[in-house]
Amino acid sequence: MPSSRCPPHYYACGHRHDCGPGGFPSPLIEADNISIYSWAEISEWLRTKMRDDIPQENPDVALADALVKVNCRARAAHREDGLRHLFEAIA
């Protein structure tokens, strides 16, 4: 990450306007003092806005990111049982 004196959470929370270019990706889920972000969106932001040389997304990281998103959406819709059955069916 490029040199900065700002803590990483300042980018996400927008505490200071002099910390980065703005436009940090919004969390996908916010609940119980926990925010879940998309690594795909964050890594793209780091590459394009911060000019970081972070590599393109790793396929394994992309899969893990997608699984977390699906799980969060299932919980938000109170559909955990349906998701569990789906995973059992494809396993």
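**View 1. Leu63 sits in helix H3.** Helices here are DSSP runs of H or I with at least four residues, and strands are E runs of at least two, both numbered from the N terminus. Leu63 counts as exposed because its relative accessibility is 52%; exposed means over 50%, buried under 20%, and partly exposed in between (1.4 Å probe, protein chains only). This is a predicted model, where local features need pLDDT of at least 70 and side-chain atom pairs count only at pLDDT 80 or more, while totals for chains, interfaces and linings use all residues. Residues are numbered from 1 along each chain as its sequence is written, and side-chain values use heavy atoms, leaving out hydrogens and water.

**View 2. Now follow helix H3 itself.** The 18 residues of H3 should span 26 Å at 1.5 Å a residue, and this agrees with its end C-alpha atoms, which are 26 Å apart. (The expected span is 1.5 Å times one less than the number of residues.) Just after H3, His78 takes a positive phi of about 55°.

**View 3. Which residues of H3 are buried?** They are Asp65, Cys72 and Ala74. Their cover includes strand E1 (29-31), strand E2 (34-36), H2 and H4.

**View 4. Seven residues make up the largest nonpolar core.** A nonpolar core is a set of buried Ala, Val, Leu, Ile, Met, Phe, Trp, Tyr and Cys residues joined through side-chain atoms within 4.5 Å. Helix H2 (residues 39-48) gives the most to this core, three residues.

Terms used
Contact = heavy atoms within 4.5 Å.
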